[in-house]
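Colleague: I'd like to learn how to read charged and aromatic contacts in a model. Could you walk me through them?

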Amino acid sequence: MTALFEPKKVKDFLFKNRIIMPPMVSEKATEQGQVTDKNVEYYLDRAKEGLAGVIVEPAFISENGRCSRHQLSAADDDKVEGLSRLASSIKNTGAVAILQLNHGGAKAYSKDKSELLSPSGVLAPNVTQEVTPRQMTLGEIAQVKADFIKATERAMEAGFDGVEIHGAHGFLLNQFNSPLTNFRQDKYGGSRKNRARLSLEVASDLKEVVGNKLLLYRLGATDGYDKGLTMPDAIWIAKELVRNGVDIIDVSGGHGGYRGHTRSQGYFVPIAVEIKQNLTQPVMVAGGISSPQYANEVIEEEGLDFVGVGRALLSRPDWPYMAKQELINRK
Ligand SMILES: Cc1cc2nc3c(=O)[nH]c(=O)nc-3n(C[C@H](O)[C@H](O)[C@H](O)COP(=O)(O)O)c2cc1C
């Protein structure tokens, strides 16, 4: 069997191969953030083709952290029923079902821009808006932690196998982690340890909620801007996240987003490999992976644990099936 199709156990969960659908907003929820039949069909169409896992697109944890009009919500108890339909249809295919949770912070979609929350009242480097966000109070930081906990409880009640904390692509937790957007002078800003404090506290809180289920963290490992997060920062944060209960580190970009600076396949692979060399926990990477042979190399030669296949899976829902045929025929 090729490495890409070797099963892997993480805690009690058996991933039948190494291919995971990474979170991608699909704008199929109602304006209230309820799961629709379109959401269910979209994931089922892909999961049934042999994916090992699906990280469902981000649900917002509170209305002020919402990022788009038709985003999924995990902010109220009345969302549990719809989320449960989504989780069970994915799990019925044999795929592990994870829900990504997010707060948009300064990048949230808010009618009242003065209500945009951020660590230090500064815009993310690549965002242009007329109104700058405001600096969060300690009370608002505590509220975000409480909202992550409630949203995770709802995801667990809905039957998801785990949750992924969104700490990438310039959203709230990335804004805290990054020296480009965090100039706070209290315990949540300044040193690397202080900047990462909110992420680490959220991880340790959510660990308590998920128990034997899975906790993933999507790490914006590099901002792609001068004076942004460095490689030593990313390695340090990844290690601390694991110490605080994260089971899988999912490597992606920071303020610079998910696209990377090159068009080559696997543009975040070198960074993910460096992180993996410093960890014992599994590491996943996404970013431009489209050929089965290359995906297999990422597992077999680079030693990473999971590949995220996003855009290729949008254009070809049967990507895992196609990959298996291609790799088998090559042997
Ligand atoms: C339409 C679209 C929406 C996305 N939305 C999210 C998101 O909400 N959260 C997230 O962590 N990543 C998001 N991503 C990034 C993907 O998860 C993935 O990391 C990225 O597309 C690179 O992988 P790929 O080249 O295989 O597509 C999105 C990507 C696309 C194309």
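Colleague: How many salt bridges does a search of the whole structure find?

Modeller: Keep in mind that this is a predicted model. The idea is to look for a side-chain nitrogen of Lys or Arg within 4 Å of a carboxyl oxygen of Asp or Glu. Searching the whole structure that way gives 20 salt bridges.

Colleague: Which residue forms a salt bridge with D247?

Modeller: That partner is K11, and the closest N and O atoms of the two are 3.0 Å apart.

Colleague: Where do K145 and E201 lie in the chain?

Modeller: Let's take their contact, then their places. The side chains of K145 and E201 meet in a salt bridge, 2.9 Å from N to O. This pair also links distant parts of the chain: K145 belongs to helix α3 (residues 138–157) and E201 to helix α5 (residues 192–210), 56 residues apart. Both K145 and E201 are buried. Elsewhere, salt bridges with shared partners join K8, K276 and D305 into one network.

Colleague: And which residues gather in a patch of negative charge on the surface?

Modeller: For a patch, we look for like charges without a salt bridge, joined within 9 Å. Here the patch consists of E6, E297, E300, E301 and E302. One of them, E301, is placed in the loop between α8 (292–300) and β13 (306–308). Its relative accessibility is 58%, which is why E301 counts as exposed.

Colleague: Now the rings. How many aromatic pairs does the structure hold?

Modeller: It holds four aromatic pairs. To read the geometry, check the angle between the planes: over 60 degrees counts as edge-to-face. The rings of Y42 and Y43 have centres 4.8 Å apart and planes at 85 degrees, so this pair is edge-to-face. Both Y42 and Y43 are buried. Y267 and F268 also form an edge-to-face pair, at 5.0 Å centre to centre with 75 degrees between the planes. Both Y267 and F268 are buried.

Technical notes:
Residues numbered from 1 in each chain as written. Predicted model: local features only at pLDDT ≥ 70, side-chain atom pairs only at ≥ 80, totals over all residues. Heavy atoms only, no water. Patch = residues over 30% accessible without salt bridge, like charges linked within 9 Å, V, L, I, M, F, W, Y side chains within 5 Å. Areas by Shrake-Rupley, 256 points an atom, 1.4 Å probe, with all protein chains shown as cover. Lys, Arg positive; Asp, Glu negative; His and termini not counted. Charge placed at Lys NZ, Arg CZ, Asp CG, Glu CD. Helix = DSSP H or I, 4+ residues; strand = E, 2+ residues; numbered from the N terminus. Buried < 20%, exposed > 50% of the residue type's maximum accessible area, 1.4 Å probe, protein only. Phe/Tyr/Trp six-rings, centres within 6.5 Å; stacked < 30°, edge-to-face > 60°.
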